[in-house]
Amino acid sequence: MRILLSIFGFLFLMGIAGGAGVLAIFWHFGQDLPDYTQLENYEPEVMTRVHASDGALIAEYAREKRVFVPITAIPHKVIDAFVAAEDKNFFSHPGIDFASVLRAAVTNVVNLGTGRRPVGASTITQQVAKNFLLTNEVSYERKIKEAILSFRIERAFSKEHILELYLNEIYLGSGAYGVAAASLRYFDKSLDELNVEEAAYLAALPKAPSNYHPVRNHDEAKARRNWVIGRMLEEKYVTEAEAQAAWSAPLVSKSRESVDTYQADFFAEEVRRQLVDRYGEGMLYDGGLSVRSTVDPNMQTVADKALFEGLVAYDRRHGWRGPVTQIDLNGNWQQKLREVEKPGDIPWDLAVVLKTDANEATLGLQSGEQGRIPLRFLTWARPWQKGQTLGAVVNRPSDVLNPGDVVYIKHFAELDGEKLPPNTYGLRQIPNVNGGLVAMDPHTGRVLAMSGGFSHDLSKFNRATQARRQPGSAFKPFVYLAALDQGFTPSTLVLDAPFVIDQGPGLGKWKPGNYSGQFYGPSTMRLGIEKSRNLMTVRLAQTIGMPIVADYAERFGIVDELPEVLSMSLGAAETTVMRLTAAYAELVNGGKKITPTLIDRIQDRRGNVIYRRDERDCAQCQDVAFRNQMPPDLPDTREQLTDPASAFQMVHIMEGVVSRGTGRTIAELGYPLAGKTGTTNDSRDAWFVGFSPDLAVGVYVGFDDNRSLGDKEQGASAAAPIWKEFMRGALAGTKAIPFRTPPGIRMVRVEARTGIPARPGDKDVIWEAFKPGTIPASNDNVIDGGYNEFGGSDSGNGGAVSGPGGIY
């Protein structure tokens with residue numbers, strides 16, 4: 001008995017000593033541990049995602065590909081799979097699973113000397129402690145600290161919070177952090193779309209993601225997945241039937257087809273810049289923002305195509321500048337061809353010219369196959385010459401191409417209904433001209449499409465928002481609008497005759513002229529816009545005064561400060577495509593102020609709305625069940641910039657630009673459309689800006705170095721075709737609706753040349769829009785801008801109205 005008591009006493013003392021030792025170890029290693037309370041408000045680095053207006057993903061910004069999902073939104077099958085695979089006693093242990101630790105210790109003792117890797121017993125809580133607060137150092141000291149932190153974490157936080165941290169932080173291979181990102185990466189599915197076997201596969205990854213890649217290590221990955229399914233069955237998370245079905249299912253990974261389904265590179269980059277300006281780079285790349293943009297994917301596709309093809313068409317009119325490069329055809333020319341870099345967003349192929357004969361050039365493709373370019377596909381490629389002129393006519397392929405030339409090509413199966421021989425290609429070259437296009441909703445300012453250049457891969461510079469260029473005649477409608485607000489009418493006659501003004505000491509005289517070089521005498525204001533008459537515009541600006549013109553340019557957002565000199569009335573002040581398109585939108589919407597915007601709504605990682613484009617309050621819009629009732633009326637808080645009647649008169653005049661004036665090539669589309677061409681001195685910039693009743697669009701074409709587009713190029717030839725093709729695609733399938741007429745406008749049939757009401761027998765008759773009391777009975781007065789024959793302007797009244805006896 002004494003011996004038995006001695007043994008028990010010894011064991012008791014040893015237990016006390018052991019407990020004291022454990023407490024001493026915990027006290028020692030428990031000093032200076034990381035602050036675990038930071039996990040209460042921990043927000044992992046989560047990618048920001050930008051969506052189109054229809055929800056399609058157009059861009060992601062992240063340092064780590066992680067999508068944060070609250071634990072309440074993570075499906076049970078995903079939680080069950082990870083708990084079964086990683087920590088079956090998670091919901092019952094205090095942070096350490098002592099049974100698993102003992103089992104692992106026994107296993108490791110048994111395996112001593114066998115070379116097998118030691119078995120671990122880390123709980124999910126321990127993994128959270130390691131991943132968030134400690135390093136990956138393999139040591140007993142780190143394991144002790146991990147255990148201490150696990151106990152503390154369990155006391156401080158709920159099991160659900162610990163799971164939320166774990167499932168959003170864990171690395172699951174292929175750059176995916178967290179279960180949501182991994183679900184998208186491996187299966188192109190959101191978490192709620194996963195089935196049992198897919199959830200099990202994700203739970204198979206934490207131990208060694210690189211060892212269980214679904215393609216490279218398919219068999220090992222499937223075996224590990226099936227093991228997880230077995231664990232789920234043991235824990236009764238799935239039924240026998242569900243497990244059998246999951247075991248028999250193939251392991252098939254699916255690439256993320258939804259990523260960048262819609263290419264909107266310039267648009268997405270502009271959104272990125274705005275997010276950085278608003279929230280900083282930290283929030284952009286780590287904050288997990290969900291951004292709903294305004295871009296319409298289909299319209300964006302049309303915009304990119306129209307600008308791309310329009311720039312190519314301009315470039316082809318001005319000749320061939322030579323091959324991309326040359327390679328030696330001796331040796332492995334295929335490998336040399338593959339080494340030539342090509343922008344990823346250009347839908348052409350590279351080929352090398354192998355030989356030429358009288359009828360065609362023979363091509364070598366990267367695949368090793370051969371192609372051909374017939375002579376008739378090369379006749380456009382006359383040599384480019386300085387000043388955008390053309391060299392000699394092409395008579396044979398060798399006039400254009402030589403063996404070893406590396407060129408861009410486009411495949412043609414047929415052309416104009418003619419079926420072509422196999423492997424027939426056309427010659428292409430990257431234009432050195434560039435441009436921009438903006439399309440927006442004129443009622444809200446929402447930018448529906450934006451293309452900032454020929455290729456985003458070649459140049460990130462956005463000509464739609466960053467290029468400041470002179471709009472030329474595209475500015476004139478705002479001079480005429482100011483006049484309409486001052487009491488003039490579309491039928492007011494303005495003198496079209498030579499105009500000279502002294503610019504001051506040493507500056508000489510300014511002598512503007514019309515594009516045609518001719519003078520047309522007294523002409524209606526309508527004709528001044530339709531035919532883009534410079535001299536009429538200058539005289540009109542002189543009459544109403546440049547301070548008023550400057551006020552309209554600034555209130556419509558075209559420029560911030562317009563110099564009050566007459567040359568500015570012809571569009572000499574620089575602006576952007578975005579700003580000028582918004583100003584035109586404010587014409588067609590009845591003169592209401594809008595702010596161009598690329599973002600509708602921004603939500604934080606938990607779905608809270610932190611930015612909303614439309615800031616108007618609408619109590620009737622919240623938590624309302626839709627039962628076919630009418631939508632609630634919201635206040636129109638937009639500032640009124642001009643008389644709605646004047647805005648409509650300007651719209652109606654610009655309809656004439658399309659039907660009879662410089663933009664008449666657009667009329668064949670068959671929709672009510674209005675707009676204005678713009679061309680600057682020496683044809684350096686070409687514009688067409690206009691609108692339908694519900695869509696405002698601006699197009700600019702020009703060289704980045706501001707050189708001339710060529711003597712015969714202007715807004716009607718370089719920009720209007722792009723605008724036309726965009727509108728053709730954007731309006732396809734929609735109904736043609738007329739421009740909205742504000743109250744008080746009278747539509748009167750007038751004789752087009754004089755602008756007075758038509759009489760029986762008049763042939764050239766059009767409809768004209770008048771405000772009440774302004775319909776002219778006759779048209780005897782002519783605006784001459786206060787001009788005098790001695791090369792200056794009258795002082796005093798700033799612009800007189802003269803009779804028909806003046807200088808025409």
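Here is a short tour, from the whole chain to a few selected spots.

## The chain as a whole

Keep in mind that this is a predicted model. The chain has 808 residues, of which 51% count as buried. Its secondary structure comes to 21 helices and 32 strands.

Packed helices have a handy description: the angle between their axes and the distance between the axes. The crossing of α15 with α19 is left-handed.

Which residues make this contact? On α15 they are Pro477, Phe478 and Leu481, and on α19 they are Leu580, Ala583, Tyr584 and Leu587. Sorted by class, the contact of α15 with α19 has seven nonpolar residues, no polar ones and no charged ones.

## The second largest pocket

Next, find the second largest pocket, which holds about 900 Å³ of space. It is lined by 37 residues, and those closest to its centre are Ser473, Gly513, Tyr515, Asn534 and Thr679. By class, the lining of this pocket is made up of 22 polar, eight charged and seven nonpolar residues.

Which element gives the most to this lining? That is β24, with three residues. Both β24 (674-679) and α21 (715-730) supply at least two residues each to the lining of the pocket.

## Two cavities inside

A search of the whole structure turns up two cavities of 30 Å³ or more. The largest cavity contains about 40 Å³ of space. Around this cavity you can pick out Pro471, Phe475, Ala553, Ile558, Val559, Leu562, Met568, Gly571 and Ala573. Its lining has eight nonpolar residues, one polar residue and no charged residues.

The second largest cavity has a volume of about 30 Å³. Its lining consists of Pro490, Ser491, Thr524, Arg526, Val750, Glu751, Ala752, Gly755, Ile766 and Glu768.

## Two residues with a positive phi

Most residues other than glycine have a negative phi. Lysine 236 is not a glycine, yet its phi is positive, at about 65 degrees. You can find lysine 236 in the loop between α9 (218-234) and α10 (240-248). Is lysine 236 buried or exposed? Its relative accessibility is 73%, so lysine 236 counts as exposed, the cut-off being over 50%.

Asparagine 706 also has a positive phi, near 65 degrees, and is a residue other than glycine. Look for asparagine 706 in the loop between β26 (695-702) and α21, the helix that also supplies at least two residues to the lining of the second largest pocket. Asparagine 706 has a relative accessible area of 31%, so it is partly exposed, a class that lies between the cut-offs of 20% and 50%.

Notes. Residues numbered from 1 in each chain as written. Predicted model: local features only at pLDDT ≥ 70, side-chain atom pairs only at ≥ 80, totals over all residues. Heavy atoms only, no water. 1 Å grid on protein atoms, 1.4 Å probe; cavity = no way out; pocket = protein on both sides within 12 Å on 5 of 7 lines; lining within 4 Å. Points joined across faces, edges and corners; volume = space filled by probe spheres on them. Helix = DSSP H or I, 4+ residues; strand = E, 2+ residues; numbered from the N terminus. Nonpolar A, V, L, I, M, F, W, Y, C, P; charged D, E, K, R; others polar. Left-handed = near helix turned anticlockwise from the far one by under 90°. Contact = heavy atoms within 4.5 Å. Buried < 20%, exposed > 50% of the residue type's maximum accessible area, 1.4 Å probe, protein only.
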